[in-house]
Amino acid sequence: MYELKIALQKAGRLHEESINMIKSLGIDINFTNKLKTEIFIENIYGKIQVFFLRDDDIPKYVQEGIATIGIVGKNVVVEQQKDSLIKEYLDFGFCRLSLAVHKESLFNNVKDLFGKCIATSYPNILKRYLNNKFSNNHDINIHEMNGSVEIAPNIGVADAICDLVSSGETLALNDLKEIQQIFTSQAVLISSFKNDNNILANIFISQIKAVKKAKENKYILFNVLNKKLDKIIFFLHNEKCIVTTVSQVNLIDPSYTTVKVIVKNNMIWRIIEELKKNNAKNLLIFPIQKFF
Ligand code: PRT
Ligand code: ZN
């Protein structure tokens with residue numbers, strides 16, 4: 001029996017989607033009591049323990065091995081300078097870290113902030129950005145705040161802010177305008193285990209990769225006239241589609257062949273149009289659950 005300990009955000013922006021991600025792997029994580037801080041799940045390979053923490057604590061717990069795996073925003077991991085824990089990008093929780101100033105301010109770019117003060121909860125990421133951009137040669141002052149950063153310019157604490165933005169509504173509500181994006185973020189899977197010493201963790205990560213890959217593709221099934229088959233197969237290979245089945249035994253009409261193919265999402269329209277042009281029939285498109 002193997003053991004896997006997973007740390008997720010207890011409440012907040014990543015909570016729901018982290019749970020959905022775990023469920024999509026086929027792990028039954030139904031819990032009714034929202035106040036519960038840990039749950040145990042028995043799986044054919046072993047025991048999975050899920051516990052819920054504040055996002056800021058997740059990288060430390062993972063680094064110390066208290067949790068094997070964690071799901072947290074890349075912004076938190078990089079700010080805590082634990083970048084090496086990142087194993088996989090999870091395609092949710094997208095946001096950006098941006099510099100913003102009062103909408104009527106004359107500051108239009110980062111250089112305009114020389115000699116000025118920027119308030120932020122992300123001093124390390126901001127410092128790294130400024131030092132890289134200006135080769136350590138700038139006199140911008142960083143004022144660290146733990147929350148409500150967006151009010152700093154209005155109360156005279158700072159000339160600009162560096163904060164997370166997703167829709168931009170919070171900036172607009174506080175009469176701020178974005179002048180420079182300095183970092184992009186999304187939810188990441190972090191882990192500090194060595195590759196060969198935790199079988200259940202390896203299985204978990206390979207399942208996550210399979211779900212991600214599945215989301216990027218669709219499964220298409222169609223019937224095509226036998227005489228057009230070679231042309232269609234050549235076209236599909238040329239477009240880097242993965243033809244999984246070519247079945248000559250078509251019970252409805254022997255002059256047709258059934259083809260099954262895996263197609264990247266961004267190619268679907270092009271492929272379908274070409275198939276239609278070649279009189280393909282009974283075109284069906286399926287989502288894929290996991291793709292190994
Ligand atoms: O309680 P705990 O410490 O666990 O949570 P938290 O309050 O520190 O974090 P939480 O739940 O707000 O965010 C968790 C993670 O979600 C962040 O670390 C990011 O990786 C990600 N994320 C995605 C965001 C946003 N989008 C986001 N918009 N985190 C915060 N925001 C805030 C932003 O700081 C600003 O106040 O939302 C506001 C802006 O949103 P818009 O849509 O108005 O632009
Ligand atoms: Zn937090």
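## Around ligand 1

By class, seven nonpolar, nine polar and six charged residues make up the shell around ligand 1; here Ala, Val, Leu, Ile, Met, Phe, Trp, Tyr, Cys and Pro count as nonpolar, Asp, Glu, Lys and Arg as charged, and the others, Gly among them, as polar. Please keep in mind that this is a predicted model, in which local features need pLDDT of at least 70, side-chain atom pairs count only at pLDDT 80 or more, and totals for chains, interfaces and linings use all residues. Residues are numbered from 1 along each chain as its sequence is written, chains are lettered from A and ligands numbered from 1 in the order in which they are written, and side-chain values use heavy atoms, with hydrogens and water left out.

Of the 22 residues around ligand 1 (a heavy atom within 4 Å), Arg54, Asn75, Ser167, Gly168 and Thr170 come nearest. The table lists polar contacts to the ligand (pairs of N or O atoms within 3.5 Å).

| Protein side | Ligand side | Distance |
|---|---|---|
| Arg54, polar side-chain atom | oxygen atom of ligand 1 | 2.8 Å |
| Ser167, side-chain N or O atom | oxygen atom of ligand 1 | 2.6 Å |
| Glu169, backbone N or O atom | oxygen atom of ligand 1 | 3.4 Å |

Taken alone, ligand 1 exposes 830 Å², and the protein buries 79% of that (Shrake-Rupley method, 1.4 Å probe).

Which elements give two or more residues to the shell around ligand 1? They are helix 3 (74–79), strand 9 (160–165) and helix 5 (169–173), where helices (H or I, at least four residues) and strands (E, at least two) are DSSP runs numbered from the N terminus. Strand 9 gives the most, with three residues.

Methods
A polar contact is a pair of N or O atoms within 3.5 Å; within protein, one must be able to donate a hydrogen and the other to accept it, and residues adjacent in sequence count only if both atoms are side-chain atoms.
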